[in-house]
Amino acid sequence: MSVTVETCATAAEAARALGQGAQYLGGGTIVMRRVNAGDQHLSRLVRSTDPGLRAIRSTSQGVSLGAGVTMAQIMAHPDLGFLAPAARAVGGPALREMATVGGNLFARAPYGDLAVLLLALGAQAVMSDGGSPRPLEELWRGGRSGLVLSLEVPRPREARATGYLKVARVHPVGTPVISLAAYLPREGGRIRGARIAMTGMGATPRRATAAERVLEGAALDAASIARAAAVAAEGLEPLDDALATAWYRREVAGVHLSRLLEGLERG
Amino acid sequence: MMARKPVTFTLNGSERAAFAADGQNLLQFLRQEVGDMTPKFGCGQGGCGACTVLVDGAPHLSCLMLAEAVQGRRVETVAGLARGATPHPLQEAFMEHFAAQCGYCTPGMLMAAKALLDRTPRPTRDEVIEAIGGNLCRCTGYAPIIDAILAAANRRTPA
């Protein structure tokens, strides 16, 4: 083991200490696996004990989650019921005490059970380098610099507009074949601002934009669900891994999307 | 020369201090520096739960936790379960229900179960299954473990 660990009292100090190949260490469930495996690319770890990273605050739009907020914190919080199903989908109880919101954003695909719901809700990342909060897709597109400090998560306008489904081969704790999240707010019975996201369908969680287009302005019924399911995988790049082939994921994405949407339709 | 950092914490109710190497995980620290051999190394990847310990009352995977992160915190392991020669009700129930075969997963199972019963003294079967969802057992098929945890819950008198 030839790794050094730098502990910073504030997130700002930690952000400054990053760079030159340093890796941020959050809850440990991703980075400590690499340490334990003797990953030679890790030489400097930076962590922070800043309590602000574990803060959950209500905002005018929704909620602000510190990047170090754990899945267990989300599940225990009375105002975060809309995120709880995705937080519960991450690992077992011990892992959920450690796994953080920030870490889940960068979990290797097809992990990202919480990130996929954050993407569907349109959450944005507040970065240490200042500037306006960044959409998650921008964060994942690369050139990411600095540290994610917190996430601004819009609260769904109606609880019933949000749906979440994890598809795994092993229960209760398993790696997702696909995880899906949908946010379908309705006005006068019509969907306005459809957002659907999936893991397992790309190197990061991805929006199913073809299915979103089909649903936009439509009523959520058997016909629109069938049309959305038919184009669920369009434009996406399903993963080929030990859990499932890309072909399989492409075939079943629509099946699982229709199950998720049927659940939302029933309310 | 690798840096060594002093870590003071509470282990099973006793104040402890030891030096942790940079990057050392809590499991290695407990076993090699502190001498508590009850948490087991299974996968080192967070997949098996054999290393489960309680930190401030909540289950944690000690193989994925940096040792220095327990500074000032409360750690519980299987070594602290029995009271002298009297096993903990969970340990009694594990023996009576044949919940241990090879025994390797048992320390993790016991700590996951303790975390559950400390918060939920009368769990349902589904809650027990959920609580040990992150702990693998390749011998028992889980049913005897679930039965044992439920039996311990029924036997325990309020603390």
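Predicted model: local features only at pLDDT ≥ 70, side-chain atom pairs only at ≥ 80, totals over all residues.
Residues are numbered from 1 along each chain as its sequence is written, and chains are lettered from A in the order in which they are written.

**Exercise 1.** Work out how the axes of helices α10 and α11 of chain A run relative to each other.

*Step 1.* Find the helices, which are DSSP runs of H or I with at least four residues, numbered from the N terminus. In chain A, α10 covers residues 222-230 and α11 covers residues 246-266.

*Step 2.* Look at the axes, lines fitted to C-alpha atoms over the stretch in contact, with angles from 0 to 180 degrees between N-to-C directions. The two axes come within 8 Å and cross at roughly 155°.

*Step 3.* Angles over 145 degrees count as roughly antiparallel. Therefore α10(A) and α11(A) are roughly antiparallel to each other.

**Exercise 2.** Describe how domain 1 of chain B meets domain 2 of chain B.

*Step 1.* Take the bounds, which come from an automatic or database domain assignment: domain 1 is 4-80 and domain 2 is 89-155.

*Step 2.* Their C-alpha centres lie 21 Å apart.

*Step 3.* Count contacts (C-beta atoms, placed from the backbone, within 7 Å). Here 15 residues of domain 1 of chain B are in contact with 13 residues of domain 2 of chain B.

*Step 4.* On the domain 1 side, the largest share, three residues, comes from β3(B), a strand (a DSSP run of E, at least two residues).

How values were computed:
Parallel < 35°, antiparallel > 145°, perpendicular 65-115°, else oblique. Contact = placed C-beta atoms within 7 Å.
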